[in-house]
Amino acid sequence: MEKISLEKIRQLLIENCMLKVAPESIGEETLLFGPDGLGLDSIDALQLTLGIESTFGAAIKDPKLAIQILRTPGTIRLWVERQQDFP
Amino acid sequence: MGGTPTGLPVNAITWDTIVVGGGPAGSTTAGLLAKAGQKVLLLERDTFPRFHIGESLIPYGNDVLLELGVWPKLEKGGFMPKLGAEFALSNAAGFQRFWFGKNLEKRYAKTFQVERAKFDHLLMQHAEEQGAKILQRAKMTSIKTDNAGVSVNYEHEGTNHEAKARWVVDGSGRTSVVGHALKVPKSDLGMPKKLAVFSHFKNVLRNGGDAAGHITIVRLENGWFWFIPLDEEKTSVGLVQTIEGLKSQGLKPEESFQRALENHIEIRFRMKKAERLEEFRIEADYTFRHEVAAGPRWLLAGDAAGFIDPIFSSGVMVALRSSQLAAKAILKADGESRPLSTGEQRRYTKGVKKMTSVFLDMIRMFYDRNAFEVFMGSSSKLDMPRAVLNLVAGNTDLRWDIQWRVWLFYAMCKLQKHFALAPRLSFEESPRRNVKEMAV
């Protein structure tokens, strides 16, 4: 069962990124980076990483993993939920 | 037992078709042929219901279940509806989810997860309802075949019997008793030998909402786990790895299952409250394919024609579709009172090989680190996810607009080795803190 709602992840994106689209249009599988996604950049990625740490208490320490984890709202949720469970 | 639709003993009549094996391939062939009016004898060595591995269906098998008329029974049978498939990395840093309803025709939007004891039994009973004669605990011992027909010897309740027919279909699974007896040449297709260790569990973590029935594949650096929700309570969980990899760890299969559970956060998370319901089972996954799948009077269907790695749940689908092909070929030739022509034999072999070949490409992709990166990171460019979804759903007869995207996908998989078209994947686990001991 999902403990972190999509709404909560949208909120995280609104607070930490320069969004060019309406938050409602962001779905579970929307790509956050790249031209065929939301087009977020490396500054957004850094902000997001910090945002995830302060909001959910889960620190992404390995930059290699960050790009994997920050792919879509779905991938963020998956990773965060597991970190919260095994802190 | 022993009676036939005509009231005569089993051995006194000439059957139209003898089917060896009562799994999905055998029961489907028997069901379709009986439905078309043939006198069919099905020999099953076991007693149904019985356990079998391979519990996930994919949507491109649906057509055959509909043609058989068994679909409504599945709807009412309490099977878990499967609306898609998902792939996660063992370190939880990567996830790809597919929905069959997205971009596929409506009849492929849903299929089922099936406890095989129940599903296979249902198919067998359905074949019986269509008029096929089912003989359980009947083990084929030898076979003779020529251009006119076949003669099958089998052992039933301690005595030997002989049955004659114009056709024989091998649905006996990986043992392929007919293929073996006829010494049909086979190849291992260059795939390494693998081993699966698995069991049924309760209280395994489930997805929320419509994804509750998804199959989850968790990719480890050297192997993978399946999570198949079978009903409200029961989940099938298994670990597949190469025999070589297992040996290098120096662990027993059950121990390596336990080790993976401790080492990988994705597995640990899903299995946190899991309780094992049965003993662990172990099964070898040896890929093979018969070079020839049909002769004048015999056809190999399902796993008997070839067994491929189960990662994409192709087994039952290939069984259903190849049986459909086999039944069609038999009915056509039988209608003209002749054996299969060499052209028809070749076409059947080609048809079955094509099904497994599409999956073999996918399987090689899955085990190739770079190609898997493209699979996990596939962008929405050029509608590629739709093409990959068609593959995951089991479409082996690709229309041109899908086919060129599939080629493009594999081209990207090859290029990924040199250029990071998709992000590189790391399977590294975050450092562990405070991990409680778990045992299942």
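Let me start with a term: a polar contact is a pair of N or O atoms within 3.5 Å, where within protein one must be able to donate a hydrogen and the other to accept it, and residues adjacent in sequence count only if both atoms are side-chain atoms. Okay, some housekeeping: this is a predicted model, so local features need pLDDT of at least 70 and side-chain atom pairs pLDDT 80 or more, while totals for chains, interfaces and linings use all residues. Residues are numbered from 1 along each chain as written, chains are lettered from A in the order written, and side-chain values use heavy atoms, without hydrogens or water.

Now, the interface. Between chain B and chain A we count nine residue pairs in polar contact, both at pLDDT 80 or more. On chain B's side, the elements giving two or more residues are β4 (84-89), β5 (95-99), α8 (265-270) and α11 (369-377), and α8(B) gives the most, with five. Helices (H or I, at least four residues) and strands (E, at least two) are DSSP runs, numbered from the N terminus.

What about salt bridges, meaning a side-chain nitrogen of Lys or Arg within 4 Å of a carboxyl oxygen of Asp or Glu? There are four across the interface of chain B and chain A. A:Lys64 and B:Glu428 make a salt bridge through their side chains, at 3.4 Å, N to O.

And counting contact as heavy atoms within 4.5 Å, chain B puts in 35 residues and chain A 23 residues.
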